[in-house]
Amino acid sequence: IEFIGKQVKDMYGTYIGKVIGTITDIDGSVQTVGVDCGSEGLKQIALEQLVIQGQFVIFIPRWRLDAQRLLREKGLTMRRIRALMDIVSENDDMKEDAELIHEKYKMKLLTLDETERQIKEKLEKRLAELDGQLKSIRMLRFDAKLQNKSNEISDSKYDLVKTHTVEIIEHIEHEKAEITSIQRRINDLSVESGERIESPKQDVHSAAISYLGKVESPSPSQPKTPVSADIGVGNSIPTAPTPK
């Protein structure tokens, strides 16, 4: 009921339409909100994509919700894996239990890969749409300048075109910047999770030692020999020089 009659804008200030009603489930909960978008007709928008803010209803695009959900799930999974490594490095008796849990979270990361691929496609598609809109708006603004110079429209009309187009361009640039930021965060998590998954030969204990950079030094009574275990990618432990 609070939605009805309010104007709807997107997160960047662009007017979308007006709420004219809701569709509810049998228990009375709102499923979708009907928005009159003028010439585009009636749109049914999921409740989770709308937030009341004062006299307006703010529309949150689906790509943003999906991307934020992915970042939360993947970020939490990576924190769990790091915590698991810390626990095993402190208590070797929990190694077997930790290996089972490690497999669980590793599989979770793998299942998130498909979701990540779909979201990346959505983000790329949205960027292409925004670039197309920018091109059209700049062409419109340039044509208005051309009409003004040829005395087809007055200075006041041209100034009005400039004011509106500058505002739209700012909205588009803000959305593009947010998409680029989210893409960077997703890629950073992908690189980190890839490093965790691409070590199937290491058990959890070895992974924990490698992650923390802790390697036990051999005792003075034992000769120093090359260590076969990997200490990070592309690194090895040098042997002691042979005395002459």
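## Close-up views of a predicted model

**View 1. The largest pocket.** The largest pocket has a volume of about 720 Å³. This is a predicted model, in which local features need pLDDT of at least 70 and side-chain atom pairs count only at pLDDT 80 or more, while totals for chains, interfaces and linings use all residues. Residues are numbered from 1 along each chain as its sequence is written, and side-chain values use heavy atoms, with hydrogens and water left out. A pocket here is an open set of points on a 1 Å grid over the protein atoms alone, where a 1.4 Å probe fits and protein lies on both sides within 12 Å along at least five of seven lines. Its volume is the space filled by probe spheres set on the points, with grid points joined across faces, edges and corners. The lining comprises 23 residues (each with an atom within 4 Å of a point). Asp10, Ile16, Phe59, Arg126 and Glu175 lie nearest the centre of the largest pocket. Strand S2 (15-24), strand S4 (42-46), H1, H2 and H3 each give two or more residues to this lining. H2 gives the most, with six residues.

**View 2. The overall chain.** The protein has four helices and six strands. Both kinds of element are DSSP runs, numbered from the N terminus: helices are H or I with at least four residues, strands are E with at least two. From the N terminus on, the order is β-β-β-β-β-β-α-α-α-α. Of the 244 residues, 29% are buried. Buried means under 20% relative accessible area, exposed means over 50%, and partly exposed lies in between (1.4 Å probe, protein chains only). Among contacts with a separation of 6 or more, 56% come from residues 24 or more positions apart. A contact means heavy atoms within 4.5 Å.

View 3. S6 (residues 56-59) runs parallel to S1 (residues 7-10), and four bridges join them. Two strands pair if DSSP finds at least two bridges between them. Gln7 stands opposite Phe56 in S6. Strand S5 (residues 50-53) pairs with S6 in the antiparallel sense, also over four bridges. Here Leu50 stands opposite Phe59. The hairpin of S5 and S6 has two residues between the strands, and Gly54 takes a positive phi near 70 degrees. In a regular strand the side chains alternate between the two faces of the sheet.

**View 4. The nonpolar cores.** The largest nonpolar core holds 23 residues. Such a core is a set of buried Ala, Val, Leu, Ile, Met, Phe, Trp, Tyr and Cys residues joined through side-chain atoms within 4.5 Å. Trp63, Ile81, Ile119, Leu123, Ile179, Ile182 and Ile186 touch the most other members. Helix H1 (62-90), helix H2 (95-149) and helix H3 (155-197) each supply at least two residues of this core. H2 gives the most, with nine residues. Apart from this core lies another, of ten residues, among them Val8, Val33, Val35 and Ile45.

**View 5. Ile119 and its partners.** Ile119 is in contact with Asp66, Ala67, Leu70 and Ile186, leaving aside neighbours within four places in sequence.

**View 6. Salt bridges around Asp66.** The structure holds 18 salt bridges. A salt bridge is a side-chain nitrogen of Lys or Arg within 4 Å of a carboxyl oxygen of Asp or Glu. Asp66 and Arg62 meet in one of them (3.9 Å, N to O). These two are four residues apart in helix H1, so about one helical turn separates them. Asp66 is buried, with a relative accessible area of 14%. Arg62 is partly exposed, at 29%. Lys122 also forms a salt bridge with Asp66, the closest N and O atoms being 3.0 Å apart. This pair links distant parts of the chain: Lys122 is in helix H2 and Asp66 in helix H1, 56 residues apart. Lys122 is partly exposed, with a relative accessible area of 37%.

**View 7. Lys162 and Asp159 in helix H3.** The side chains of Lys162 and Asp159 meet in a salt bridge (3.9 Å, N to O). They are three residues apart in helix H3, so about one helical turn separates them. Lys162 counts as partly exposed at 34% relative accessibility, and Asp159 counts as partly exposed at 38%. Elsewhere, salt bridges that share partners join Glu48, Arg62, Asp66, Arg69 and Lys122 into one network.

**View 8. Glu178.** Glu178 is in helix H3. At 17% relative accessibility, Glu178 counts as buried. Glu178 touches Met11, Tyr12, Trp63 and Arg64, not counting residues up to four places away in sequence.
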